[in-house]
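User: Hi! Could you walk me through the sheet and the pockets of this model?

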Amino acid sequence: MSFYVPLHVHSEYSLLDGLSQTKHIAGRLEEIESPACALTDHGTVSGAVDFHKTVGSSFKPILGCELYLCDEPASVKEPSNRKLKHQVVLAKNLKGWKNLLSLVSQANHPNNFYHKPRLDLDQLSLHATSDLVSFSGHLGSRLACTVVDNPDWQQDAIKEAEYMQEVFGKGNFFIEIQLIDSLQNVLAKEVAQKLREISKITGIPCVATPDAHYCRKEDAHDQRVLLCTA
């Protein structure tokens, strides 16, 4: 039995970004003999029911979301506060699922929504509990951004990683390592290596994720076409 579990996966519910239908995800899980899979669509859990019904009969569905975080309070709807960073959150149990629903609902509230559903750090902290698991995110995450073109990257990254561990609780926060784009993006290997160093210093474990937006290599072209329509 394979013990590989895709923990960062986007479906067609990541609008104009994710290509995979849930039935395609289920088919791919069978091919790679994975026992479980997480769904982490951008800013929404709209695909959760479809995913659970389609995947749940044969595999363990893990419900999550890739949240958008802004630096200033989410109520500040100005161009200066439009740049968003990513944070992956998974529900560990029913209570965690309810907390995740609260986070996503808050992110989509008219007071917060500005081009995209989003939260600020105070709002994230309010609903983050030990019933949730979080990964630091890809190259567009808060943690990854601290290590790029920053002479004080180590100090800043340690501070950020320890802050997120405090928010979610020890054992519930992981440093996310992604090398899926390393052949196209020269920063991927550099960021991965630096984040591994932060993991060693802080004792916060790493987790490797695919950030999958399509199921098979041959689907890449279609997904690029989808991105061009955004």
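Analyst: Happy to. This is a predicted model, where local features need pLDDT of at least 70 and side-chain atom pairs count only at pLDDT 80 or more, while totals for chains, interfaces and linings use all residues. Residues are numbered from 1 along each chain as its sequence is written, and side-chain values use heavy atoms, with hydrogens and water left out.

User: Which strands form the edges of the open sheet of six strands?

Analyst: Helices (H or I, at least four residues) and strands (E, at least two) are DSSP runs numbered from the N terminus, and two strands pair if DSSP finds at least two bridges between them. The order is β1-β2-β3-β4-β5-β6, with mixed pairing. The strands that pair on one side only are β1 (36-39) and β6 (206-208).

User: In β4, which residue is the bridge partner of L90?

Analyst: Strand β3 (residues 85-91) and strand β4 (residues 132-135) run antiparallel and are joined by four bridges. Within β4, the partner of L90 is V133.

User: Which residue in β5 does F135 stand opposite?

Analyst: β4 and β5 run parallel, with two bridges joining them. The residue of β5 opposite F135 is F174.

User: Are the residues on the two faces of β4 buried or exposed?

Analyst: In a regular strand, side chains alternate between the two faces of the sheet. Here L132 and S134 lie on one side, with V133 and F135 on the other. By relative accessible area (1.4 Å probe, protein chains only), under 20% is buried, over 50% exposed and in between partly exposed. On both faces of β4, these four residues are buried.

User: At what angle does helix α6 run to β5?

Analyst: Axes are lines fitted to C-alpha atoms, for helices over the stretch in contact (heavy atoms within 4.5 Å), and angles run from 0 to 180 degrees between N-to-C directions. Helix α6 (residues 153-168) lies across β2, β3, β4 and β5 (173-177). Its angle to β5 is about 135°.

User: What is the volume of the largest pocket?

Analyst: On a 1 Å grid over the protein atoms alone, a pocket is an open set of points where a 1.4 Å probe fits, with protein on both sides within 12 Å along at least five of seven lines; lining residues have an atom within 4 Å of a point. Grid points are joined across faces, edges and corners, and a volume is the space filled by probe spheres set on the points. The largest pocket is lined by 35 residues, with I180, D211, A212, H213 and Y214 nearest its centre. Its volume is about 930 Å³.
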